Amino acid sequence: MKTIKFFLISLCLTPTLLNAKTFYCKDSGSTELDMFGAEKGNIARTRAYHWIVDTNRGWKRSDVVAYSGTCVIDNGYTVCRADTAYGEAIFSIHPDDSNFILVYLDYGIDLLAFVGSCDKT
């Protein structure tokens, strides 16, 4: 009976696992808009951020342990969303799998956006 349960569970999970995509992304620019009217193009940083998107687990910055959000394919775009108590974030990869935009929206305070390129594995 255990063998049958394992087989049935494996059959249910296999299509999801086969459709999973992993992207390694690097930002090439960012900007911030805040409620005080400050605009900071290309925020000064010593290095670019690297992002990992796993369509089964969400996305994360490469130096962070936990993944955030859930991902779907919508009209060819890979779109991952995460809601928090104070706002939301959307990570979107173009249908050609090469470019992305990541937008953090902190309700009533500011917006932070990143753009860059991705490689799919």
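Which residue does a disulfide join to Cys71? The points below take up that link and then the rest of this predicted model.

1. Cys71 is joined to Cys80 by a disulfide, with an S to S distance of 2.0 Å. The link of Cys71 and Cys80 is right-handed, with 105 degrees about the S-S bond. Buried means under 20% relative accessible area. Cys71 has 14%, so this residue counts as buried. Cys80 is also buried, at 0%.

2. Two disulfides turn up in a search of the whole structure. The other one pairs Cys25 with Cys118, again with S to S 2.0 Å. The bond between Cys25 and Cys118 is right-handed, with 105 degrees about S-S. Cys25 and Cys118 are both buried. Counting bonded cysteines along the chain, the disulfides follow the pattern 1-4, 2-3.

3. The largest nonpolar core has 15 residues, and those touching the most other members are Cys25, Trp51, Val53, Trp59, Phe91, Ile93 and Phe100. Strands E1 (22-34), E3 (50-54), E6 (77-83), E7 (87-93), E8 (99-106) and E9 (110-120) each give two or more residues to this core. E7 gives the most, with three residues. Nonpolar side chains tend to be buried together in soluble globular proteins.

4. Leaving aside residues up to four places away in sequence, Ile93 touches Phe23, Cys25, Val53, Tyr77, Thr78, Asn99, Phe100 and Cys118.

5. Asp97 lies in the loop between E7 and E8 and Lys120 in strand E9, so the pair links distant parts of the chain, 23 residues apart. Asp97 counts as buried, at 13% relative accessibility, whereas Lys120 is partly exposed at 44%.

6. Another salt bridge brings together the side chains of Asp54 and Arg57, at 3.3 Å from N to O. Asp54 is buried, with a relative accessible area of 11%, while Arg57 is partly exposed at 48%.

7. Asp63 and Arg61 also meet through their side chains in a salt bridge, at 2.7 Å from N to O. Asp63 is partly exposed, at 47% relative accessibility, and Arg61 is partly exposed at 26%.

Note on methods: Residues are numbered from 1 along each chain as its sequence is written. This is a predicted model: local features need pLDDT of at least 70, side-chain atom pairs count only at pLDDT 80 or more; totals for chains, interfaces and linings use all residues. Side-chain values use heavy atoms; hydrogens and water are left out. A nonpolar core is a set of buried Ala, Val, Leu, Ile, Met, Phe, Trp, Tyr and Cys residues joined through side-chain atoms within 4.5 Å. Buried means under 20% relative accessible area, exposed over 50%, partly exposed in between (1.4 Å probe, protein chains only). Helices (H or I, at least four residues) and strands (E, at least two) are DSSP runs, numbered from the N terminus. Contact means heavy atoms within 4.5 Å. A disulfide is a pair of cysteine sulfur atoms within 2.5 Å. A salt bridge is a side-chain nitrogen of Lys or Arg within 4 Å of a carboxyl oxygen of Asp or Glu.
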